[in-house]
Amino acid sequence: MYCFALLLVSLATFAGTPACDSSSKEDIRTVTITVLVDKEDLSSASQLEIVKGALNFSSWVFEKEFRVTFELQDVLVWHYPVGHKHLDLDKADPPFKILAKDIDADIVIAFTSKFMDRSAMAEIDGNREETRQEVLGIASNSAMGRTAFVRINDYVSFTTLHELLHLFGAVDVVGGFEETVMRLPTTAKIDKENTAIVLANR
């Protein structure tokens, strides 16, 4: 049984680089975020700065594209079970959603440098079979919740942006040629269809 506990570590706020002049500030929507960082990662000050940088990057993109800015409300310790070297999202997600219900923030994101995977269906030798799929992040369906998981690695800024876009209704892009963060974890560009979706949900 997974056991999760919280410990308040710090209170920090940030805002993305303004994309609008001061006369339009009242048009900007502020969304609060509480971050839970795996205890093993939080012991490293550099990991915490990486997480804050990823959120700051997303806030800058959202303000520029959608007039939405993110305010980091709390950074909490996430006591993921000691000795677990990877995160099974099928087991971790339900208790995390329960934990998030008691957190007074618009969005709650868990960050860890651990390998993350989940169950998925894949075609193997012509048959659909259940397998394990490695992921860099995962977000609640926008109609179901306000939580996400993000892996701390070289792609953390783009993954964070990707998952936050999901929480505003954006969908993964498969196929096509338009460069978008909803398909590739190496760009901050957002495809036209998802831009329209997020603007409608802002």
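Begin by selecting strand β9, residues 147–151: this strand is mostly covered, with five of its five residues buried. The model in the viewer is a predicted one.

Show the side chains of β9 next. Thr147, Phe149 and Arg151 point one way from the strand, Ala148 and Val150 point the other way, and all are buried. In a regular strand, side chains alternate between the two faces of the sheet.

Strand β5, residues 107–112, pairs with β9 in the parallel sense over five bridges. To locate this pairing, select Ile109, whose bridge partner in β9 is Ala148. Then select strand β8, residues 137–139, which runs antiparallel to β9 and is joined to β9 by three bridges. Here Gly137 stands opposite Val150 of β9.

Move on to helix α5, residues 192–201, and colour Asn194, Thr195 and Val198, which are buried. Viewed down the axis of α5, the buried residues fall within an arc of 105°, and therefore line one face of the helix. Then turn to the face of α5 directed away from its buried side, where the exposed residues Lys192, Glu193 and Ala200 are found.

Finally, display the whole chain, which has five helices and nine strands. Of its 202 residues, 44% are buried. Among contacts between residues at least 6 apart in sequence, 71% join residues at least 24 apart.

Notes
Residues numbered from 1 in each chain as written. Predicted model: local features only at pLDDT ≥ 70, side-chain atom pairs only at ≥ 80, totals over all residues. Heavy atoms only, no water. Buried < 20%, exposed > 50% of the residue type's maximum accessible area, 1.4 Å probe, protein only. Helix = DSSP H or I, 4+ residues; strand = E, 2+ residues; numbered from the N terminus. Arc of directions from axis to C-beta. Contact = heavy atoms within 4.5 Å. Pairing = 2+ DSSP bridges.
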